[in-house]
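Open the model in your viewer and keep the selection tool at hand. Each stop below tells you what to select and what you will find there.

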Amino acid sequence: MRNLLVAATFIGLAASASAAVAEVYPPSNARAADVPNDGGGAIEVSWEPSPSREIAGYRLTRFSEGAPDGELVAELPPVDTAFTDDAESESPPVDGTPYSYEVSAISPDGEIAGAPRTAQVTSSPSWIHAGRIANLAALLVFVAMFFVLVYRGKRGKPLFIRPIDALDDMDDAVGRAAEMGQPVFYAPGLHSITQPATVASVSLLRRVAERSARLHTPVKVPNYDPLTWPVAQEVVRQAFDRAGRPEEFNPDDISYLTSRSFTYAAAVAGIMVRERTASNFLIGHFYSESLILAETGVSTGALQIGGTDSVAQLPFFITTCDRTMIGEELFAAAALVGDDPVSRSTVKAHDWFKALIMAMILGGAAACALADTGILESLLDLFGVNDPAQAAASVIGWVRGGLR
Amino acid sequence: MSTDPYIWIAAILTLGVFSFLYRDNPFFCFVEHLLVGLSTGYMFCTYWHNVFLPELVNPLMAAPFGPEAHLWVVVGICFLWSCKYVRGVKDLSRLALAFWLSIDLGLAIPTEMEAGIIAQVAGTLGVSFSGTWDQILGNAILVGGTLAALTYFFFSKAHKGAVGATARVGTWILMIGFGASFSYTILSRIYLLIGRLLFLLRDWLGIVN
Amino acid sequence: MKGGIGYRLPFALMLVLGIFFAAQYYIPHPVVQGPKEMMLQWKQPLNAFIIFLALGGLVVMHARKVIRRQKRWGYSVVTLVAMAAMIFAGMVWGTGEGTVFSDWFKNLVTPIEATMFSLLAFFVASAAFRAFRARTTGATILLISAGVVMLGLIPAVEDAIPPLGEVANFLLKYPNTAAKRAIMIGVALGAISVALKTILGIDRTILGRDER
Amino acid sequence: MTPSRFFDRISRLDRRWIFLAILLAVALPFLTPLEFRAKPSEQTREFDRALDAALGTGKPIMVDVDFGPQTMAELEPLLLGVMHRIFESETKAIFFTLMPDAAAPTRQYLSEMAKEYGLEYGVDYVFLGYASSFAYTMYGMGTSIEKYFHEDDRGTPLGEIPIMKGVERLADVSAVVNMASNSFPKFWIQYGVAPFGFDLLVGCTAVNATDLYLQTGQLKGLLAGGRAGAEYEALLVEKGVVSQTGDATRGLGSQSLALIAILLFIVMGNAGYFLGRGARGPGRDERGGRP
């Protein structure tokens, strides 16, 4: 409706400005099509601009069985060459009803020239998003690898996984705190427990807590996320139960602080300094405050083990922690921590998929290099491909388009 | 010098935080505890006024069985979660937790695939090898570096021989990246400090214009 | 009890909903998108509710400290009073622009948090001093990369040695991107794997329960 | 004290000395008449050329301000420079924000500018206030601005504001300038420039610039961080738009001194490490560079 008003002002202004009568030609090649990959109720109409030099705008009219005389959909400024008739229209298209559209050009003095009506189209919702099929295919490949390895893990097939140094260091760090008679500190990151990195972090927290419980060492876990807090509390409580020392568990050690990152940083800095934590674990997803936490830990002389999936914070953990789990290492460590054969074998699924990715990158880059040096074209020619230049261009187009 | 009492209070609190750089002290401890109280109070009120009332309580009060009646499920989930604190029915809270976990973890699977894998792979395999020599070299490093760094993340192969050598190059690529990003961050951090110093020197003391 | 329905039901719920939320990404049809949007709408009020519970936990913890006269209990009083004052202001006079609540936020919370943030300027320096030392090959490369970029960022140095800025840009554009991409690919694989393991009930750390 | 003991001491210097040095390095340029001059880089000139081209069209320009008090020191000079440039050329400007924290400072900058240039609200400039759901808003403004900002900051419906006549969507303005401390420029590219194809000019923090450098093709201009702010101030003085440089130029001094201080400390650290080896037993404080 607003489009209408503005175009109307447009036309009015333009009409008063130029009194000369100019002939107006209609736009050409008007066509309508269902918008793909959507939930239905949308039709896209497009056209080539009118050859008239000066037009006031376009008018879009829709015809259907219910409105054989047509209903106005929109009036549009002259720069437009497409319009989507969807839920924002006065009466949105109904799925399953055939519509045809007429696009007409309006001259500055209100003259109207219509293009032939488009063919009839019906909008419909899609069951599959065509642009995401590559994603789905990749996921299915990964899931297949995952299940093959889970199956092999269940059958107890031995497999080699390289040791992750940080895991051993974690045990040593707890031992160090116990020797010094000072608490262990564990920050599970700023994300909710529903995010993968926090899930991995809590798996590691369980190991740290179990070891601490056996060594009579308290674990301080200040939380930023209100949902991670009760889960972390439960995990630590269970660890103390399993170690047979439920009486040593202090629920106040696993506390909720606040969900504002620099308030959290201030409070954590206070805890590190005042509780004199001997070993600090900073594992999970962090933001800019990561360096405040880690540098404060350095100043108290604590042994620090970092691990994060946050690419931007890794440089700070690398410079301030004694050991850092970089990205995927965090997830791998979490999978290996329980010595569960099924969990262990899933790590191998990462490797299989990574090998596939590396092969694709190598192949794609090699194809690009061959194409850019002209070798690809001569190769295709050698194999008797018709129109090698065209073939090479389409291969590279596919590669550069992200294999879609 | 400022006459606004708020500026004075803010300036004193600012100094309290800076005092932590020298060592922990009661003043910083006070500021820290004050901040925790104020910020959690702030969180309570904003969530109450901006989320809890308009998105749950008000729609249900206005029309308990209207179009937003599905929000009763939220009340149900809150109830289940609260069972955590009741002996005997504690297990019911796991249902609520399962709901939370399934949404975010389910969503994470396709979106990680898209942003973390497909976008990154597509950006790497279609690089251009035409242009100036530094662009060609750069793109070669981009492809080779990505492959080497990915090799570092191989867990089911011992890092020995050719794999070990490639993985080693991979760690170097990682280190170059970490070093460069670290340095680039310094600039923005210095400006944060400039901002606080300007507050102290200009807004509070007025010795800088 | 381990195989009991009470233990299994949450896993079943998570399996069904988890697969639904992964699959909806590929299915634009309203039959799928409608329920998805509805459930996503639930997240915000639920989030508010768990925050209220967590704040309750914080109050209980500090109250316990005060009552038991634990170490530094006085500071817990500060926290409790500040929180009560803020909530009182926000509930009685509202939270809009110009209220006491927003004034306190702007003049008390913001400056302290901004100062905490600005401590990073000091910490990047002390971290650089300690970490950028040519001890091992890795550390040497870290040192060189960081040093070159830092030098390139000083205008006077860049004027004196023009290629320095270009080298810094080169490092940032190519090896840095390679490193970031490799990390992101690895993180994505790890995240998908953890999500699958949790949804399928292979990893029961979070939703499991002590069987004793 | 033997030399190796001395160097060992240096390698384990108390970090509070470093803090003191940084404090002095950052504060000195503000307390002393120490002058640092920035030379406008090609990138900064390119930004100005793009802005100049937009101002030359005679259409209003849109400015999206997305930074709060925390990143003000870095981004304020960029925004003020652009504001001077716009109002000096007597171009109409539409301001808005997609970040709640940015509303109050934007209001204040605009009232100062209005005083300086004698601008009339609603005619020469307008502030549309804050809109939530940034991605939807960016995308939606390609088709209708009014749908996302029903009324301006003072509660006037958009239809009644003179400056908004004929400004229906992003295609009706000459360019969008985004001053952001977060990743909003990336979203503008994704949700605005890609589907609707208008001119986007960006001012961002140095931290976020690393991501944007790779997308320079989609930006008409990029000012990254305080250094670009100083360069832009110098450029505006050169063009006679303003009479003297401001905070960013002094900030450039702080930045240079602090970087030099950090570099000196790194050199000291390495010297201490290698020359002080003799005095050091096997120690643990060897962090960094180890994954």
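The tour goes chain by chain, with stops at two contacts between chains. Keep in mind that this is a predicted model.

**Stop 1: confidence in chain A**

Select chain A and colour it by pLDDT. Its mean pLDDT is 89, and 94% of its residues reach 70 or more. Where in chain A is confidence lowest, and where is it highest? The lowest mean, 46, belongs to helix 1 (residues 2-17) of chain A, while strand 8 (residues 184-187) of chain A is highest at 98. Now select residues 1-20 of chain A, where the pLDDT is below 50. Beyond near neighbours in sequence, this stretch has 27 contacts in the model. Where pLDDT is low, the predicted coordinates should not be read in detail.

**Stop 2: the domains of chain A**

Colour three ranges of chain A separately: domain 1 (2-114), domain 2 (165-339) and domain 3 (347-400). Between the C-alpha centres of domain 2 of chain A and domain 3 of chain A there are 45 Å.

**Stop 3: two backbone angles in chain A**

Most residues other than glycine have a negative phi. Select Arg276(A), which is not a glycine but has a positive phi of about 50 degrees. Arg276(A) sits in the loop between helix 6 (261-275) and strand 11 (279-283) of chain A. Is Arg276(A) buried, partly exposed or exposed? It is partly exposed, with 16 other C-beta atoms within 10 Å.

Next select Asp387(A), where phi is also positive, near 50 degrees. The loop that holds Asp387(A) runs between helix 11 (375-382) and helix 12 (388-400) of chain A. Asp387(A) counts as exposed, because it has 11 C-beta neighbours inside 10 Å and the limit for exposed is 12 or fewer.

**Stop 4: nonpolar cores**

The largest nonpolar core has 317 residues. Select Val208(A), Val236(A), Ala128(C), Val149(C) and Phe95(D), the residues with the most contacts inside this core. Centre the view on Val236(A): leaving out residues up to four places away in sequence, Val236(A) touches Ala209(A), Val219(A), Val221(A), Phe249(A) and Ile254(A). Another core, of 21 residues, lies apart from the largest one, and its members include Ile43(A), Val45(A), Val73(A) and Leu76(A).

**Stop 5: where chain C meets chain A**

Show chains A and C. Chain C puts 47 residues into the contact and chain A puts in 62 residues. On the side of chain C that touches chain A, two or more residues come from each of helix 2 (30-67), helix 4 (100-131) and helix 8 (175-199) of chain C. Helix 8 of chain C gives the most, with 16 residues. By class, this side of chain C has 31 nonpolar, nine polar and seven charged residues.

**Stop 6**

Of the 209 residues of chain B, 52% count as buried.

The contact takes 89 residues from chain B and 88 residues from chain C. On the side of chain B, these are 58 nonpolar, 24 polar and seven charged.

**Stop 7: chain D**

Finish with chain D, coloured as domain 1 (3-35 + 252-279) and domain 2 (42-244). The C-alpha centres of domain 1 of chain D and domain 2 of chain D are separated by 39 Å.

Conventions
Residues numbered from 1 in each chain as written. Chains lettered and ligands numbered in written order. Predicted model: local features only at pLDDT ≥ 70, side-chain atom pairs only at ≥ 80, totals over all residues. Contact = placed C-beta atoms within 7 Å. Helix = DSSP H or I, 4+ residues; strand = E, 2+ residues; numbered from the N terminus. Nonpolar A, V, L, I, M, F, W, Y, C, P; charged D, E, K, R; others polar. Core = buried A, V, L, I, M, F, W, Y, C linked by C-beta atoms within 7 Å. Buried ≥ 20, exposed ≤ 12 C-beta atoms within 10 Å, placed from the backbone. Domains from an automatic or database assignment. pLDDT = per-residue confidence, 0-100.
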